[in-house]
Amino acid sequence: MTTQKKLLVAALTLALPFAALAQPTVTGRVFGLLNLNLQNTRQSGVANRFAISTDSSNVGWLGDAEIQPWLKLLARCETTANINGISLSGICNRNSRVGVSTDWGTVFYGNWDTPFKAVAYGTKADDPFLDTDVFGYQSIMGSPGFNYRSGTFVTGPGTTVGGFDVRAGNSVAYWSPNIVGLSLKGQWSVNEFKNTSGTLSPWLFSVALNYDKGPLSLLVVYELHNDSFALNTVNGSTTRQFGATAANPTSIPSADWAWRAGAGYELTSFLGSTRVGVLVDQLTLGQDGAPAGAVKEYQRLAWQVAFTQRIGNHEFRARYSMADSGDCQLVGVGTCSTNGYGAQDLTLGYAYYLAKNAHVFLSFVKIFNDTRAQYTFGVGGETSTVAGVTTPGSDPSALGLGLRYAF
């Protein structure tokens, strides 16, 4: 045998163990959403102003690689697209992940909306205003008030998270397959920022069960925040609420939890498509070891009814939400009062679909705060004088004319 033939045989022998590791079939695409509106916001005692709002506008890449017929690798990188040139953001700062998908479900690591936040997405109970901007349902649902705005969980030592509309970094998640309309999603945001002594350990756990088949959607979800110090955002060093005489610190363990349940139904008739959805959630913010005079627990219940009527390319939207004033307890002696902490939200809108993935819209929202309440626009809005800085008893409102295009 010649030297060349010997080398060829040796090369083939070495290559055989790797024959099964053929290059997988990779598919991928760029995706995005551009959602802008000319928006006028106003609040009692504040001059109204215009802005170009770009809430939830994003661009990203997603792909998968088929390793076996039953096994796929998944990847996604989504980045905020503030095309108005304000608050430019880094890459992969929105829903982004890497994981595997099998016949038994999907497991991934990443930065993702929790099951609590996303439980209604794409269901008959979803928000008619598509969960975005000042018109989204986050102004009441998932919020305890007190100027809480949708945010992130576990971003660094000492981070406080006041509510339950969050995207959780440092997460591992499992999504089950859909079996006769039933599906399960679980997510754990791990305690990377546990302190050196182990006394404080911020982590999140969220689990949701959905039933979505035909015209009916049902859902239920539970979420727990460990050491996120929500009561500090309510009754912190510069504020006192409910008659408290001491602040809730960030140096003492806390536990905050919430549940949400909902249902939606869609009816098709000569009038077009009619959809009605109902959501109810209850938040409980707790810190058992808080000092005397601080708040031990605050609990509030909220609900909403949503309506969507689609006739051809025309869509009419409406939503009413209400949060009760809640109940509370102080540590030690003292009267805890929640009088005046309730709120209501009314949102109305119209959309005309230029195409399946593009529409123009006109929307109006107004929050009606009780005398002490500070519910605010949960996402989007003018943040220097209105959104996130709503004064007690004020009633912020906004009117927007916009264009939404998904690709």
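Colleague: Where does D131 lie?
Modeller: D131 lies in the loop between α2 and β7. Keep in mind that this is a predicted model.

Colleague: What about the phi of D131?
Modeller: Its value is near 60°, which is positive, and D131 is a residue other than glycine.

Colleague: Which phi value does F146 have?
Modeller: Phi of F146 is near 55°, again a positive value in a residue other than glycine. F146 lies in the loop between α2 and β7.

Colleague: Buried or exposed, that F146?
Modeller: F146 is buried, at a relative accessible area of 12%.

Colleague: Let's switch to the rings. How many aromatic pairs does the structure hold?
Modeller: There are 13 aromatic pairs. One of them joins F108 and W175, edge-to-face, with 5.3 Å centre to centre and 90° between the planes.

Colleague: Why does the F108 and W175 pair tie together parts apart in sequence?
Modeller: F108 lies in strand β6 (residues 105–113) and W175 in strand β8 (residues 166–175), so the pair brings together parts that are 67 residues apart in sequence. F108 counts as buried, at 1% relative accessibility.

Colleague: And what kind of pair do F146 and F242 form?
Modeller: F146 and F242 form an edge-to-face pair, 5.8 Å centre to centre with 90° between the planes. This pair links distant parts of the chain, 96 residues apart: F146 is in the loop between α2 (115–118) and β7 (151–153), while F242 is in the loop between α3 and β12 (255–269). F242 counts as buried, at 3% relative accessibility.

Colleague: Which residues do ring pairs link into a cluster?
Modeller: F146, F242, Y298 and Y341 are linked into a cluster by ring pairs.

Colleague: Back to W175. What sits over its ring?
Modeller: The charged end of K185 does, 4.0 Å from the ring centre. There is also R310, which lies over the face of Y353 at 3.9 Å from the ring centre.

Colleague: Now the core. Which residues of the largest nonpolar core touch the most other members?
Modeller: I140, F242, L285, Y298, Y375 and F377 do, out of the 44 residues in that core. Elements that each supply at least two residues of this core include α3 (230–234), β13 (272–286), β14 (295–311) and β17 (343–355). A second, separate core has 7 residues, among them F153, V161, V166 and L204.

Colleague: Last topic, S171. Where is its place?
Modeller: S171 is in strand β8. The residue is buried, with a relative accessible area of 4%.

Colleague: What does the side chain of S171 reach?
Modeller: The side chain of S171 reaches the backbone oxygen of A168 at 2.9 Å.

How values were computed:
Residues numbered from 1 in each chain as written. Predicted model: local features only at pLDDT ≥ 70, side-chain atom pairs only at ≥ 80, totals over all residues. Heavy atoms only, no water. Core = buried A, V, L, I, M, F, W, Y, C linked by side-chain atoms within 4.5 Å. Buried < 20%, exposed > 50% of the residue type's maximum accessible area, 1.4 Å probe, protein only. Helix = DSSP H or I, 4+ residues; strand = E, 2+ residues; numbered from the N terminus. Phe/Tyr/Trp six-rings, centres within 6.5 Å; stacked < 30°, edge-to-face > 60°. Lys NZ or Arg CZ within 6 Å of the ring centre and 35° of its normal. Polar contact = N/O pair within 3.5 Å; in protein donor to acceptor, adjacent residues only side chain to side chain.
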